[in-house]
Amino acid sequence: MPVKRADKTPMPVRQAATRAHDFVEVNRGYTLAHARFEAERCLRCQDPVCVSGCPVGIPIPDFIHAVEVGDMPAAARILRSANPLPAICGRVCPQESQCEAVCSLANRFSPVAIGHLERYVADWERTQPMLAQPNITHAEKIAVIGAGPSGLVCAGQLAQRGYAVTVYEALHAPGGVLRYGIPEFRLPKDVLDWEIGVLQAMGVEIVCNVIIGKTLTLDDLTERLGFAAVFIGTGAGLPQFLDIPGENLNGVYSANEFLTRVNLMRAHDFPESDTPVRVGRRVAVIGAGNTAMDTVRTSLRMGAEEAMIVYRRSEAEMSARVEEYDHAIEEGVTFHWLADPLEILDDGSGWAAGLRCRRMRLGEADASGRARPIPIPASEFTIPVDNVILAIGTTPNPLLTRTTSGLATNATGCLLADEQTGLTSKTLVFAGGDAVTGAATVILAAGAGKRAAGAIDDALAARRPAKPGRGGYAQSHSER
Ligand code: FAD
């Protein structure tokens, strides 16, 4: 085995003191020299376990080899053949728990920076003319509900297979969480717009401001508008609350509302934009996942002097990406670990003024596999705050299932769908992404959209009459 450099080529980043006050992207991206230098570290293993660690099965060693030899068109082609959203996944995927976690180098050194290389290639591709074009070869048209990563990937894969696809999106802009949840400083919206533009260039039609279950029903799509199959990618956008006193006070937000106001409605440009958001001096964000980390860092950028995470477990149980956590620390975010919120205190005029908490210790693992937090008696304390933002999880919005007969869900409101095909309890209605799994990741949603597109194609192909002289039994018989 050739000797490889032990450490990843670091991602160039902007200075914490500057970036913590604006929305410009934190990571600056590799240069060509960085990318080729890092690509040389790949061992090109005989059994590339990194590929099985990737939910969309990117041929990782192949695209990295193309980078190493400087063949960027080939690298871009290989990447896009497996992942229709590479510029996004290169920025937001939790590579440390997926492809990079199983990289053979990781046994002794730091793994190859697969995510940084993916981003480099996808950003190179964005500097080139867009090559995509429509190629509709099938008579059947397909409807996709929701323009998040699962719906967009499903639509793109179906367009590639020759179908006319219409995506219906409830909001006024496509992208799902990529648009309204993940902030500009992690995922610039021109990157998202470019990736969506590729899909539109392939013929995918995106119709915004249509709520399926209100503007139209799911059955309207198949019975009135003539869609042969439907993919549901409606996500899990309904925020959960703690159900503690004071949650209705002014200054208390769900992370979804707070981030949507800033990212989608551009509250940071208020009064040039229509939507304000009121951020005080001290902001407490409850939770420690990606949503919490995005929220706390956004509150700094919105002017908070003190932005803190309050979490009832410890740092070890935190689910946020390591990079986001490191960046939050560098930007001055503080952390109250093992602190369980009990009440949001009123300043006497209906505004939040404090967060009363109790201290916790960790016990045995619970059903989630993480150490269970246990209250420490007589350990209450109060943190003075002006805002409390809840980032403790989301569930699927029940609107669609309440207005569609025969669409089965589990106890938490997630759609029941076959793991491989995404087929729901309704004929030719498929689903994937957070609507099925509950809140998860972009790449898992993308993988589900990709698998469902294949299954929709198979299901529709099976219903077509065999062409005379081709296909069907006679041909397969003669091919044996
Ligand atoms: P969504 O992205 O939620 O998209 C669903 C879309 O459907 C939305 O646009 C919604 O408006 C639309 N819709 C809903 N109901 C209807 C309806 N009835 N009719 C029409 N349209 C409808 N994952 C990562 O991998 N890395 C990260 O760094 C990361 N950071 C995150 C940060 C935040 C703040 C959040 C909230 C999530 C983050 N995630 C991250 C998780 C990831 O974004 C989601 O798992 C992913 O977006 C799910 O994709 P989806 O297509 O299933 O749903």
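Predicted model: local features only at pLDDT ≥ 70, side-chain atom pairs only at ≥ 80, totals over all residues.
I started with the shell around the ligand, whose residues divide into 17 nonpolar, twelve polar and five charged. Residues are numbered from 1 along each chain as its sequence is written, and side-chain values use heavy atoms, with hydrogens and water left out.

**Entry: the ligand**

I looked up which residues surround the ligand and got 34, the closest being Val 92, Ser 150, Glu 169, Arg 186 and Asp 434. A residue counts as near if one of its heavy atoms lies within 4 Å of the molecule.

Next I went through polar contacts, meaning pairs of N or O atoms within 3.5 Å. (Within protein, one atom must be able to donate a hydrogen and the other to accept it, and residues adjacent in sequence count only if both atoms are side-chain atoms.) Val 92 puts a backbone N or O atom 2.6 Å from a nitrogen atom of the ligand. For Pro 149 I found a polar backbone atom 3.3 Å from a ligand oxygen atom. Ala 440 also uses a backbone N or O atom, at 3.2 Å from an oxygen atom of the ligand.

How much of the ligand does the protein bury? I read 93% of the 1000 Å² that the ligand exposes when taken alone. Those areas come from the Shrake-Rupley method with a 1.4 Å probe; for residues, only the protein chains shown count as cover.

Then I checked which elements give two or more residues to the shell: helix H8 (149-160), helix H13 (290-301) and helix H17 (442-463). H13 gives the most, with three residues. Helices (H or I, at least four residues) and strands (E, at least two) are DSSP runs here, numbered from the N terminus.

**Entry: cysteines**

I searched for disulfides (two cysteine sulfur atoms within 2.5 Å) and found zero. Cys 89 is buried, at 0% relative accessible area. My cut-offs: buried is under 20% relative accessible area, exposed is over 50%, and partly exposed is in between (1.4 Å probe, protein chains only).

Cys 208 is in no disulfide either, and its nearest cysteine sulfur, in Cys 154, is 17 Å away. At 21% relative accessibility I logged Cys 208 as partly exposed.

**Entry: strand pairs**

I count two strands as paired if DSSP finds at least two bridges between them. Strand S11 (residues 352-365) and strand S12 (residues 371-375) pair in the antiparallel sense over four bridges. I found Ala 365 standing opposite Ala 371 in S12. S11 and S12 form a hairpin with five residues between them, and in the turn Gly 369 has a positive phi of about 85 degrees.

Strand S7 (residues 282-286) runs parallel to S8, joined by five bridges. Val 283 has Ala 307 in S8 as its bridge partner. Is strand S8 (residues 306-310) enclosed or open? Four of its five residues are buried, so S8 is largely enclosed by the rest of the structure.

I noted a cis peptide bond between Phe 270 and Pro 271, with omega about 10 degrees. Pro 271 sits in the loop between helix H12 (255-264) and S7.

Asp 243 has a positive phi, near 60 degrees, without being a glycine. I placed Asp 243 in the loop between strand S5 (238-239) and strand S6 (252-254), and it is exposed at 71%. Ala 378 is another non-glycine with positive phi, near 50 degrees. Ala 378 lies in the loop between S12 and strand S13 (381-384) and is exposed at 87%.

Ala 20, in the loop between helix H1 (16-19) and helix H2 (32-39), is buried at 3%. From Ala 20 to Val 333 I read 9.8 Å, C-alpha to C-alpha, across 313 residues of sequence. Ser 254 lies in strand S6 and is buried at 6%. The C-alpha atoms of Ser 254 and Ile 392 are 8.8 Å apart, with the two residues 138 apart along the chain.

Technical notes:
Nonpolar A, V, L, I, M, F, W, Y, C, P; charged D, E, K, R; others polar.
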